[in-house]
Each structure stands twice: as structure tokens, then as C-alpha cells.
Amino acid sequence: MQKVEGSSPFSRFFPLNQAGSGDFEGVRTSASSRIQEGTFAMKVCIVGASGKLGRYMVQQALDRGYEVIGVCREQSVGKLDPFKGRITVVPGATDNRTVIERAVEGCDGVLVVLVPRGVHHYASGTAQAVLDYSPPGARLVFSCGWHITRDGQDVYSWRLRTIVRVFGPVGRLTRFADLDDQVEACRRVFASDTRWTVVRGSDLEEGESQGLPVWSRHVGDPILESNITRRVDFALFMVEALRNDALVHEAPAIVGRKTPSALAHAADRE
Ligand SMILES: NC(=O)c1ccc[n+]([C@@H]2O[C@H](COP(=O)([O-])OP(=O)(O)OC[C@H]3O[C@@H](n4cnc5c(N)ncnc54)[C@H](OP(=O)(O)O)[C@@H]3O)[C@@H](O)[C@H]2O)c1
């Protein structure tokens, strides 16, 4: 487990004007106790750490000097070998409430990869455990896809609607995945009074980082039209969201910042 010795001032993570507000009570408690120990670094739990998105987030959190706790299935622990000695791994199913309770203890932030795998409410069980056991005031950042809608105002392409319409029943029939369970997971997050952000990913690709993706509140907005994001940048957006209070209670739909639609509409944002 890595700790950064005394070099990170509290204000680096929580600007003074925000740290003074009541909303930060829980975060202040857990963080300040580590300041007193002279070992302050943001403590972050990554739920689903062994997947592709999870491993990018682990690396980026370590790059920022954060203390990292990773949760992953027992059979996947080996995928985290490259981080051996630098992170703490809590093995177990991510919907196991005991596992999550142990993993999120004292964390300032929790990054959660929501996956609709299987037909046993894996995603909603994972989300519920994180909502129930994360310390009060912790920043909670969840990943999902564009098909999740918060307010019903998203406008979906024919292609995406077809994928959901076909993949939904086929996934359930083959017991491979349950898209509705990811919908239920997000419904619970949206209804909670925790400090959540739900990051909705476009289609993903591998490749070098292009920088922080751009985002919009609604799928269908022209800036998102390119519908592609580098997975490493999806991770970047998740990790950066931990420190971005403007994203609390938002469900940003993201797209790569160098995609044609992002470039074409970036000027509209300025
Ligand atoms: N793929 C896309 O095109 C896409 C598009 C938009 C949004 N997203 C979102 O991006 C996030 C990451 O997705 P990803 O596709 O890039 O995959 P990923 O990062 O590789 O994550 C897959 C996750 O699913 C877990 N998993 C695999 N099989 C499982 C099983 N049978 N039971 C339980 N868990 C299982 C993996 O755990 P192990 O390491 O233990 O196998 C891993 O944590 C998700 O929230 C997804 O909704 C993906």
C-alpha cells in the first residue's frame, strides 16, 4: 500500500471554500485523521479494478499519489500483478456487501465500474453496497453506457436503440448480461443523497490518451455525435471527477475531445 509522506496539503484536494461547507463533513473527518498522521493522500477505492477501465483508473490514481484499494473477483486478482506492492487488493464479488464494506472504509472517493454481467442483479447489488457503506461525504463516481438516461431527455440513434432492443433480451436469455440491471443500479444512484456522479461512456476504443473527454447532459447533443472515446480517457474523466464538484449529481455523457464532433462544437461551449 502506498502512502505519500506529508507533501500533499489538504487544500490540494479540497479547495478551502468547499472544505468549509457542511457537505464535506464526512470527507474532512477521514482525510483530516490522515493529515494528523502526516500521511495525507486521497484514499480511493476502485470497484472492478481488474477490468480494462479499472486498470487504467488504478494507474491514473497512483500517478496522482492516491492510496488505492482495488476490489475484484478472486479469479482476476492476477490481472492486478503489475501493481503489486503499490495497491491493496480486496478480492471478492463486487456485489458482496461484506467485501465492499471492508474496501470502502475510510475512503475519500469510490470509483465504480458498473457491469450488467449475469442475471443476478450484479450491477444493482454493487451500486447498493457502495451507496450503503461509503463514508458520508465521499465522492462516488460510477461508470455506465449512454443507454442510461437520467431524465428521459436523451435522444438515441436508431443504431443504439436497436442494440439495446436486441442485446437486452438476448443477454438475458443467454444469462450473459442484464442491461436492465444496470438501469436499476443507476436509478438507485440517482435517487441517493450521496455525492455521486454517473459517467456515461460512448463507444470505446483503445489508444493513447487524447486528454479529458468533453461531455454533455444529453445524448443526442451535437457535440457527442462522433460517439467514440478512448478507454484511457474514460478512466481519466472518472478519476478527475473525484475532484470536480461541478459534476456532483450530474450524469455526463462523454466523447473524446479530439473527435470531429467535439472539435466542431467546442467553440459553442466557450
Ligand atoms: N465496452 C464498451 O464499448 C462500453 C461502452 C460504453 C460504456 N461502457 C462502460 O464502461 C465500463 C467498462 O466496460 P468495459 O466494456 O470497458 O469492460 P472492462 O473495463 O473490461 O470491465 C469489465 C468488468 O466486468 C467484470 N466481469 C467480467 N465478467 C464478469 C462476470 N461474469 N461477472 C461479474 N463481473 C464480470 C470484469 O471483472 P474481471 O476483471 O473480474 O473479469 C470487469 O470488472 C462499464 O461500466 C460499461 O458499462 C463500455
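**Exercise 1. Decide whether Phe190 and Trp196 are buried or exposed, then classify their ring pair.**

Step 1. Both Phe190 and Trp196 are buried in this predicted model.

Step 2. Check the distance. The ring centres lie 5.3 Å apart. The cut-off for a pair is within 6.5 Å, so Phe190 and Trp196 form an aromatic pair.

Step 3. Check the angle. The planes make 55 degrees with each other. Stacked needs under 30 degrees and edge-to-face over 60. The pair is therefore tilted.

**Exercise 2. Place Ile148 in the fold and list what it touches.**

Step 1. Find the element. Ile148 sits in the loop between E5 and H7.

Step 2. Judge its cover. Ile148 counts as buried because its relative accessibility is 2%, and the limit is under 20%.

Step 3. List the contacts, leaving out residues up to four places away in sequence. Ile148 touches Asp154, Tyr156, Gln182, Val183, Cys186, Phe190 and Arg200. Phe190, from Exercise 1, is among them.

Step 4. Widen the view to the whole protein. Take contacts with a separation of 6 or more: 75% of them join residues 24 or more positions apart.

**Exercise 3. Describe the largest pocket: its space, its lining and the elements that supply it.**

Step 1. Volume. The largest pocket holds about 1,400 Å³ of space.

Step 2. Centre. The lining has 48 residues, and Leu114, Val115, Pro116, Gln182 and Leu204 are the closest to the pocket centre. Gln182 is also a contact of Ile148.

Step 3. Elements. At least two lining residues each come from helix H4 (52-63), strand E5 (139-145), helix H7 (158-173), helix H8 (179-191) and helix H9 (231-241). H7 gives the most, with five residues.

Step 4. The lining divides into 23 nonpolar, 16 polar and nine charged residues.

**Exercise 4. How many residues of H9 are buried, and what share of the protein is?**

Step 1. Count in H9. Of its 11 residues, 10 are buried, leaving the helix mostly covered.

Step 2. Name some. The buried residues include Arg231, Asp233, Phe234, Phe237 and Met238.

Step 3. Turn to the protein. It has 270 residues, and 52% of them count as buried. Its elements are 10 helices and 10 strands.

Step 4. Finish with the surface. The accessible area comes to about 12,500 Å², and carbon and sulfur atoms hold 52% of it.

Methods
Residues numbered from 1 in each chain as written. Predicted model: local features only at pLDDT ≥ 70, side-chain atom pairs only at ≥ 80, totals over all residues. Heavy atoms only, no water. Phe/Tyr/Trp six-rings, centres within 6.5 Å; stacked < 30°, edge-to-face > 60°. Buried < 20%, exposed > 50% of the residue type's maximum accessible area, 1.4 Å probe, protein only. 1 Å grid on protein atoms, 1.4 Å probe; cavity = no way out; pocket = protein on both sides within 12 Å on 5 of 7 lines; lining within 4 Å. Points joined across faces, edges and corners; volume = space filled by probe spheres on them. Helix = DSSP H or I, 4+ residues; strand = E, 2+ residues; numbered from the N terminus. Nonpolar A, V, L, I, M, F, W, Y, C, P; charged D, E, K, R; others polar. Contact = heavy atoms within 4.5 Å. Areas by Shrake-Rupley, 256 points an atom, 1.4 Å probe, with all protein chains shown as cover.
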